[in-house]
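Subject: Structure handover and notes

Hello,

Here is the structure I said I would pass on. My notes on it follow below.

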Amino acid sequence: MKRFYLALALAAVAGGGWLIYQAARPPAAGPTGAVVPLPASDGFAGFTMGSDSAPVEIVEYADFECPACAQFATVQMPTVREQLVATGRVRWRFRDFPLPNHAFARYASHAAHCAGEQDRFWEMHDQLFHNHSWAQTGRDPSRLFRELARSVGIDLDRYDACMKSARHAGRIEASKQEGDARGVNGTPTFFVNGRLLTTRSWGSDVFKSVVDSITSRGR
Amino acid sequence: MTRHRQAIAFLSLAGLFVALYLWLYKAGVIGSLACGTDGCEVVQTSRYAVFLGLPVALHGVVGYALLLAVSLVGLQPRWLVRPGPTLALVALATVGMLFTAYLNYLAVFRIGALCRWCVASAVIITAIWVVALHAWKREQGAGSSS
């Protein structure tokens with residue numbers, strides 16, 4: 001029986017040591033909090049969804065780590081897409097506005113841009129917002145993002161290369177600066193045909209009535 | 001009987017460390033999971049990772065700690081020949097196995113990801129259940145033949 005207790009104690013010590021090692025281990029290779037902004041931009045004006053000939057363009061400035069943006073994307077946006085975008089009435093444009101207090105916002109934006117390289121921006125956009133618990137943990141989300149990318153059919157070799165290169169950091173920074181210049185001071189912020197939507201209620205019915213009013217004036 | 005309870009003690013200790021590892025990750029003490037795939041993080045950050053207001057992994061910690069405690073108590077001289085500890089181990093392992101099966105079902109069919117540590121826990125609790133059940137049957141056989 002003594003040998004049993006000795007073996008059990010040894011196993012307990014080994015397991016405890018392993019746990020301490022795991023806790024002390026630095027996080028796996030991934031973001032250090034943000035993608036380093038590059039000074040240059042290529043004039044990229046954001047990802048769009050909807051018809052080029054739509055009479056109304058809505059520009060959304062959003063931060064992937066922002067809970068309100070996630071709520072809008074998951075609760076309201078499906079109806080907006082169905083009623084306004086899919087019907088050809090609205091072209092939706094997404095602009096990055098990573099807030100400085102959000103450690104992984106730029107990294108998430110970059111992941112979405114890398115997905116965009118493979119024509120999967122909106123799919124990745126949805127994944128990042130629908131699986132938003134990553135934004136509450138404060139932990140390195142790089143592996144989760146990679147898994148999300150895989151789930152939407154992205155070629156992971158190309159995704160990895162893109163993330164490693166940080167080649168879209170300039171676009172993201174340019175988008176942020178554009179938002180600053182337009183007076184964006186929180187997320188999400190919307191511009192409808194260039195005009196700031198001042199309401200802080202972002203229900204799909206608000207967008208529908210705004211679009212209705214614009215299109216009826218145009219008739 | 002002794003061998004069975006010793007085996008369950010070892011298996012419970014292994015399960016306890018697996019559950020502790022997942023719980024420490026959930027609590028933010030461990031930065032990333034050594035998973036092989038990324039399924040562990042997907043599962044651990046999903047809404048199914050909380051049950052009755054507590055992290056699922058914490059339920060595992062408590063469950064394996066109980067199994068370990070019962071098996072160690074069952075190895076004490078005054079309990080060694082009594083069937084109570086074995087019956088308690090069978091009951092605990094049955095509950096644990098059903099709960100683990102449900103969690104793995106959620107992981108695969110609801111979340112669409114496979115967490116290897118969750119599978120490891122499922123294997124451990126199943127092994128505990130098999131050993132406990134085997135011990136209980138042997139005790140029943142010994143009891144009826146005596």
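Two strands count as paired if DSSP finds at least two bridges between them. By that rule strand 2 and strand 4 of chain A are a pair, antiparallel, with 4 bridges. Please keep in mind that this is a predicted model.

Confidence

The scores for the model are ipTM 0.80 and pTM 0.53. Chain B has an average pLDDT of 84, and 86% of the residues score at least 70. Among the elements of chain B, the lowest mean pLDDT, 67, belongs to helix 2 (residues 39-44), and the highest, 94, to helix 3 (residues 56-74). Where pLDDT is low, the predicted coordinates should not be read in detail.

Strands of chain A

Strand 2 of chain A (residues 56-62) is mostly covered, with 5 of its 7 residues buried. Besides its antiparallel pairing with strand 4, strand 2 runs parallel to strand 3 of chain A, and 7 bridges join those two. Between strand 2 and strand 3 the chain passes through helix 2 (residues 67-85) of chain A, in a right-handed β-α-β crossover.

Helix 3 of chain A and the cores

Helix 3 of chain A covers residues 105-117, which makes 13 residues. From first C-alpha to last, helix 3 reaches 19 Å, close to the 18 Å expected at 1.5 Å a residue. Is this helix mostly covered or mostly exposed? Helix 3 of chain A is mostly covered, since 12 of its 13 residues are buried. Among the buried ones are A:Arg106, A:His110 and A:His113, along with A:Ala108, A:Ala111, A:Ala112 and A:Ala115. The cover over the buried residues of helix 3 includes strand 1 (47-49) and strand 3 (90-96) of chain A. It also includes helix 4 (121-130), helix 6 (142-151), helix 7 (156-165) and helix 8 (169-181) of chain A.

The largest nonpolar core has 46 residues. The residues with the most contacts inside that core are A:Cys69, A:Ala108, A:Ala111, A:Ala112, A:Ala115, A:Met124 and A:Ala149. Leaving aside neighbours within four places in sequence, A:Ala149 is in contact with A:Ala111, A:Ala115, A:Met124, A:Ile154, A:Leu156 and A:Tyr159. There is also a second, separate core of 44 residues, which includes B:Leu11, B:Trp23, B:Tyr64 and B:Ala93.

Backbone points to check against your own tools

A:Asp119 lies in the loop between helix 3 and helix 4 of chain A. A:Asp119 is not a glycine, yet has a positive phi of about 60 degrees. Why does A:Asp119 count as exposed? The cut-off for exposed is 12 or fewer other C-beta atoms within 10 Å, and A:Asp119 is exposed because it has 10.

A:Ala166, in the loop between helix 7 and helix 8 of chain A, also is not a glycine and has a positive phi, of about 55 degrees. A:Ala166 is partly exposed, with 19 other C-beta atoms within 10 Å; a residue needs 20 or more to be buried.

A cis peptide bond joins A:Thr187 and A:Pro188, with omega about -5 degrees. A:Pro188 is in the loop between helix 8 and strand 4 (189-192) of chain A.

The loop between strand 5 and helix 9 of chain A

Two residues are noted here. A:Thr199 is in the loop between strand 5 (195-196) and helix 9 (204-218) of chain A and is exposed, with 11 C-beta neighbours inside 10 Å. Between A:Thr199 and A:Thr189 there are 9.5 Å, C-alpha to C-alpha, and the two are 10 residues apart in sequence.

A:Leu197 is in the loop between strand 5 and helix 9 too, and is partly exposed, with 18 other C-beta atoms within 10 Å. Not counting residues up to four places away in sequence, A:Leu197 touches A:Phe190, A:Phe191, A:Val192 and A:Val210. The C-alpha atoms of A:Leu197 and A:Val210 are separated by 9.1 Å, and the two residues are 13 apart along the chain.

Regards

Note on methods
Residues are numbered from 1 along each chain as its sequence is written. Chains are lettered from A and ligands numbered from 1 in the order in which they are written. This is a predicted model: local features need pLDDT of at least 70, side-chain atom pairs count only at pLDDT 80 or more; totals for chains, interfaces and linings use all residues. A nonpolar core is a set of buried Ala, Val, Leu, Ile, Met, Phe, Trp, Tyr and Cys residues joined through C-beta atoms within 7 Å. Two residues are in contact if their C-beta atoms, placed from the backbone, lie within 7 Å. The expected span of a helix is 1.5 Å times one less than its number of residues. A crossover is right-handed if, with the strands pointing away from the viewer, the path from the first strand over the helix to the second runs clockwise. pLDDT is the predictor's confidence in each residue, from 0 to 100.
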